[in-house]
Amino acid sequence: MNKNIAIFNVKGMTCSACVNAIIKQVGKCDGVEDVKVSLMTETCHTIYDPNMSNPEELQDTIEDCGFDVSIISDSKYHEVSQEKLVVSGRLKLLSISALN
């Protein structure tokens with residue numbers, strides 16, 4: 001599947017209910033595979049199929065939840081396997097240990 005990741009700036013969230021409302025509504029959009037929302041950073045990260053949706057539709061969905069939204073970025077999504085992250089993390093830890 002062809003995937004993109006869209007990142008949005010979301011203003012007006014005040015609690016976990018706001019976060020959950022966005023996750024629920026954006027998650028219902030066609031082609032959306034994953035939604036992560038951060039109250040602290042005021043961002044929404046969405047992985048979606050660009051053949052089925054687009055950032056403007058996702059932005060409209062978030063705005064329909066009652067929030068001010070702007071698109072920060074939209075780009076191809078490159079999946080990194082958990083194994084690569086674990087190996088990368090271990091190499092970083094080894095590098096830090098070697099410096100100490």
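Trainee: To begin, how many helices and strands does the secondary structure of the protein chain come to? Please then look closely at helix α1: which of its residues are buried, and what covers them?

Mentor: The model is a predicted one. The secondary structure of its protein chain comprises 3 helices and 4 strands, and along the sequence these elements follow the pattern β-α-β-β-α-β-α. The chain has 100 residues, of which 31% count as buried. Among its contacts between residues at least 6 apart in sequence, 65% join residues at least 24 apart. The accessible surface amounts to about 6,500 Å², and carbon and sulfur atoms account for 54% of that area.

Within this setting, helix α1 runs through residues 16-27 and contains 12 residues. From its first C-alpha to its last it reaches 16 Å, close to the 16 Å expected at 1.5 Å a residue. The buried residues of α1 are C18, V19, I22 and V26. Viewed down the axis of α1, these buried residues fall within an arc of 100 degrees, so they line one face of the helix. The cover over the buried residues of α1 includes β1, β2, β3 and α2. On the other side of the helix, S16 and K24 are exposed.

A search of the whole structure finds 3 salt bridges. One of them joins the side chains of E33 and K3, with an N to O distance of 3.1 Å. Because E33 belongs to strand β2 (residues 32-38) and K3 to the segment before β1 (4-11), this pair ties together parts that are 30 residues apart in sequence. E33 is partly exposed, at a relative accessible area of 43%, whereas K3 is buried, at 13%.

Another salt bridge is formed by the side chains of K11 and E42, at 2.8 Å from N to O. K11 lies in strand β1 and E42 in the loop between β2 and β3 (43-48), so the pair ties together parts that are 31 residues apart in sequence. K11 counts as partly exposed, with 39% relative accessibility, and E42 is likewise partly exposed, with 25%.

K36 and D34 also form a salt bridge, their closest N and O atoms lying 3.2 Å apart. K36 is partly exposed, with a relative accessible area of 49%; D34 counts as partly exposed too, at 26% relative accessibility.

At 4% relative accessibility, S53 counts as buried. The side chain of S53 makes a polar contact with the side chain of E57, at 3.4 Å. Leaving aside its neighbours within four places in sequence, S53 is in contact with D30, Y48 and L58.

To return to the part in question, C18, V19, I22 and V26 are the buried residues of α1, and they line one face of the helix.

How values were computed:
Residues are numbered from 1 along each chain as its sequence is written. This is a predicted model: local features need pLDDT of at least 70, side-chain atom pairs count only at pLDDT 80 or more; totals for chains, interfaces and linings use all residues. Side-chain values use heavy atoms; hydrogens and water are left out. A salt bridge is a side-chain nitrogen of Lys or Arg within 4 Å of a carboxyl oxygen of Asp or Glu. Helices (H or I, at least four residues) and strands (E, at least two) are DSSP runs, numbered from the N terminus. Buried means under 20% relative accessible area, exposed over 50%, partly exposed in between (1.4 Å probe, protein chains only). A polar contact is a pair of N or O atoms within 3.5 Å; within protein, one must be able to donate a hydrogen and the other to accept it, and residues adjacent in sequence count only if both atoms are side-chain atoms. Contact means heavy atoms within 4.5 Å. The expected span of a helix is 1.5 Å times one less than its number of residues. The arc is that of the directions from the helix axis to the C-beta atoms. Accessible areas come from the Shrake-Rupley method with a 1.4 Å probe; for residues, only the protein chains shown count as cover.
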